[in-house]
Each structure stands twice: as structure tokens, then as C-alpha cells.
Amino acid sequence: MSFSFDDPFIAFFTLILVPVGALVYHRLKNPFVAAIPLGAPGGVPFKTSQVSGLVRLLKFLEVTGIFLLCFSAAGPAIKISEMVFLNRGADIIFIFDVSPSMAALDMDGKSRFTVGRDLIRSFANNRPSDSIGLVAVGEDAALLVPPTADRNALEHRLEQLQPGELGDGTALGMGISVAAFHLDKSNAKRKVAVLITDGENNAGAIHPETAAGLIHEIGVSFWVIAAGSAGEVPIDYTDPNTKIRLTGIFDSRYDVDSLRRLALSGNGTFIYAPNIETFSSAFSQLDDGEITIQRTRIINRRHSLSFEFLLISVILLVTVKFVRRKILGAIL
């Protein structure tokens, strides 16, 4: 964003002449006026501090109004450069496991859920031409954000999301099916579904491999990221419904081989991410593997500020005129 003038010469002379003219006018006005003390001899002198202060303020506002009036004649404007994408990117839906086990703290002291949420956010911000959607998976599955380029909407929903929001189960087949349903209706040239989970399917009426096969049939690129380590890990979980906080040791057991087979069923890519480094690396592989060609164009938009400067100038000058006539006229 930049600031400019239609006529920079008027702007230059306004910056120089108006302040100088006001100063000269102040110095030369009524040069032969003599100061005469008011009040009875030996008595309390007449005080005009409040009135004189108001007069000085009015003079300042008057000069400011004249300055802005001249400034508006110079044609002030702001220019904003915007990047416009000329082609549509990929439609990418993240199928995010929000079961309570995702609160396990085996990602350098952070939970699997927190790291996964941050990685989704970062990935979306680094790919502005893609439309990003979000499906949450628990005992059931739900589309929280349809594929959209509105990063504020995605960010807002990610911030609201909590482990356990959709119950204690993990309906992987339902989550994949919901993503497949919405991607099947998309007219994007490239469609991607990314499953992020730390468990095996134990809820829902659809088998995950059946849903993965459907993903493959409709031409969707499929990724499965298995997040978290096996064994005993600390966990800190607050149930979003009861508000009861549970802490302790969680026995993390999930079948990595079943998730690998799930990826193969969808002709997809499987990545095992037992720690924060491999979790971050998985998203780097995803970014490199789903390259979209972006064609952009810079558009410069101009917004004139002449009316705004003129309006403020008129308000100031009218206010000064009103105060001098109606208020100072009554006092003096």
C-alpha cells in the first residue's frame, strides 16, 4: 500500500505555505494593540485563561481545516496492490482425528492434536491458491469447513476444535466417506484427501478400506499420516462435555500395518510420524507431492481520499465558526 497525490505540486506548496502563512498571520495581526490589565486597582485580576485557551484551540483547528482543504485539492489517494490467482488450485480436505487419544503428549511435550492443528494451519497459509476443507473424526464424522480459500474461516474453526468433540470413538471409514462425497462434487482439476489419525477404526458403519477404495475410484489423491508413538505416553485431556480434566499415562496402541493397508486400498501414500520431526516432515512430503501450478497477476487499486479530507476540513471550519459566534460571542 502506498500514498500518492494527483498533483504533488499543490501538496508541496500546501505543506510549506499554509503553516508559514499561519505563522506570519499570527505575528502580524493587530501589531498596534496594547495590553491593558483589567480589574480594580489592588483587586483580583480578571482571568481569561479558559477563554484564551479555547481561542488558541480554535485557531489551531482553523489552520488545520485550511490545511486539509488545500490538501484535498492535491488529490490524495492510496494505492493497494493485490495478487489475484488466475487459475484454481487443488481442493484439499483434511480428515482430522479428534478422538481423546489425540491429546497424548508425545510430540516434544505437545499433544498430537495441537501439532496436527498447527501443521494444517501452516500448510493452508503456504498454499493460498488451494481450497482447504476440514472433516473431523470421532465416534462420528462431520464436515466442519468445506473446501474454501477463506483462511479466516478455517483458522476460526481450527481454534474452536477440541479433542473428544465428536465422542470417544474413531470412525475412520465415515470420515473418509464424508471427504469423498464432497470431493466427488468438486470441479477442481486436482483433489486431495489427507487422513491424520493415531488409531484404528472402531466406530461407524463404513469400513475404512471400502471408503478408501471409493476415494481411489473418483480420482482423489489419498494420504494417510499415522501420528504418535506406541507404548505408554503421558496424556492431558479435558472432556469438552463434562469439563473434567484427566491426566496420567495412556497406553498408545494402534496398528500401523492396518493404516498402511488403508493407504494402499486408496492407492495412496502412507507416512508414519511417531514424533514431531517426522510429523512436520510428513507435511513437507505432502506439500512436495501435491504441486499445483499457480498463475498470478498483480492488480493495482486506487482509492481517492479527497472527499474524506474535504469533509473533515468542512467540519472543522464550520465548528470553529459556530463556536466563535454562539459561544465566544456570548462570553465576550
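Which residues in H5 are buried? Leu-172, Gly-173, Gly-175, Ile-176, Ser-177, Val-178, Ala-179, Ala-180 and Leu-183 are, where buried means under 20% relative accessible area, exposed over 50% and partly exposed in between (1.4 Å probe, protein chains only). This is a predicted model, in which local features need pLDDT of at least 70, side-chain atom pairs count only at pLDDT 80 or more, and totals for chains, interfaces and linings use all residues. Residues are numbered from 1 along each chain as its sequence is written, and side-chain values use heavy atoms, with hydrogens and water left out.

**Overall make-up**

- The protein chain has 9 helices and 11 strands; helices (H or I, at least four residues) and strands (E, at least two) are DSSP runs, numbered from the N terminus.
- Of the 332 residues in the protein chain, 40% count as buried.
- The protein chain exposes about 18,700 Å², and carbon and sulfur atoms supply 59% of that area. Accessible areas come from the Shrake-Rupley method with a 1.4 Å probe; for residues, only the protein chains shown count as cover.
- Take contacts between residues at least 6 apart in sequence: 81% join residues at least 24 apart. Contact means heavy atoms within 4.5 Å.

- S3 (residues 91-97) is largely enclosed by the rest of the structure, because 7 of its 7 residues are buried.
- In a regular strand, side chains alternate between the two faces of the sheet.
- Both faces of S3 are covered: Asp-91, Ile-93, Ile-95 and Asp-97 are buried on one side, and Ile-92, Phe-94 and Phe-96 on the other.
- S3 runs parallel to S4 (residues 131-137), joined by 7 bridges. Two strands pair if DSSP finds at least two bridges between them.
- Phe-94 stands opposite Leu-134 in S4.
- From S3 the chain crosses through H3 (residues 112-125) to S4, a right-handed β-α-β crossover. Right-handed means that, with the strands pointing away from the viewer, the path from the first strand over the helix to the second runs clockwise.
- S3 is also joined to S6 (residues 191-197), by 6 bridges and in parallel. Ile-92 has Val-192 as its bridge partner in S6.

**Strand S7 and its partners**

- S7 is mostly covered, with 6 of its 7 residues buried.
- S6 and S7 pair in the parallel sense over 6 bridges. Ile-196 stands opposite Ile-225 in S7.
- The chain crosses from S6 through H6 to S7, and this β-α-β crossover is right-handed.
- S7 and S10 run parallel and are joined by 5 bridges. The bridge partner of Ala-226 in S10 is Tyr-272.

**Nonpolar cores**

- The largest nonpolar core has 33 residues; Phe-94, Phe-96, Val-194, Ile-196, Phe-279 and Phe-283 touch the most other members. A nonpolar core is a set of buried Ala, Val, Leu, Ile, Met, Phe, Trp, Tyr and Cys residues joined through side-chain atoms within 4.5 Å.
- Elements giving two or more residues to this core are S3, H3, S4, H4 (151-160), S6, S7 (221-227), S10 (269-273) and H8 (276-289).
- H3 gives the most to this core, with 6 residues.
- Phe-96 touches residues including Met-102, Phe-113, Ile-120, Leu-134, Leu-161 and Ile-196, not counting those up to four places away in sequence.
- A second, separate core of 26 residues includes Ala-180, Val-220, Ala-226 and Tyr-254.

- H3 is largely enclosed by the rest of the structure, because 10 of its 14 residues are buried. Among them are Arg-112, Arg-117 and Arg-121.
- H3 should span 20 Å at 1.5 Å a residue, and its end C-alpha atoms are 20 Å apart, which agrees. The expected span is 1.5 Å times one less than the number of residues in a helix.
- H5 (residues 172-184) has 13 residues and reaches 18 Å from first C-alpha to last, close to the 18 Å expected.
- Ala-211 lies in H6 (residues 208-217) and counts as buried, at 2% relative accessibility.
- The C-alpha atoms of Ala-211 and Gly-173 are separated by 5.6 Å, though the residues are 38 apart along the chain.
- Ala-211 is in contact with Gly-173, Ile-176, Ser-177 and Ile-206, leaving aside neighbours within four places in sequence.

**Positive phi in loops**

- Asp-108 is not a glycine, yet has a positive phi of about 55 degrees. Asp-108 lies in the loop between S3 and H3 and is exposed, with a relative accessible area of 61%.
- Lys-243 also has a positive phi, of about 65 degrees, and is not a glycine. Lys-243 is found in the loop between S8 (231-238) and S9 (245-252) and counts as exposed at 57% relative accessibility.
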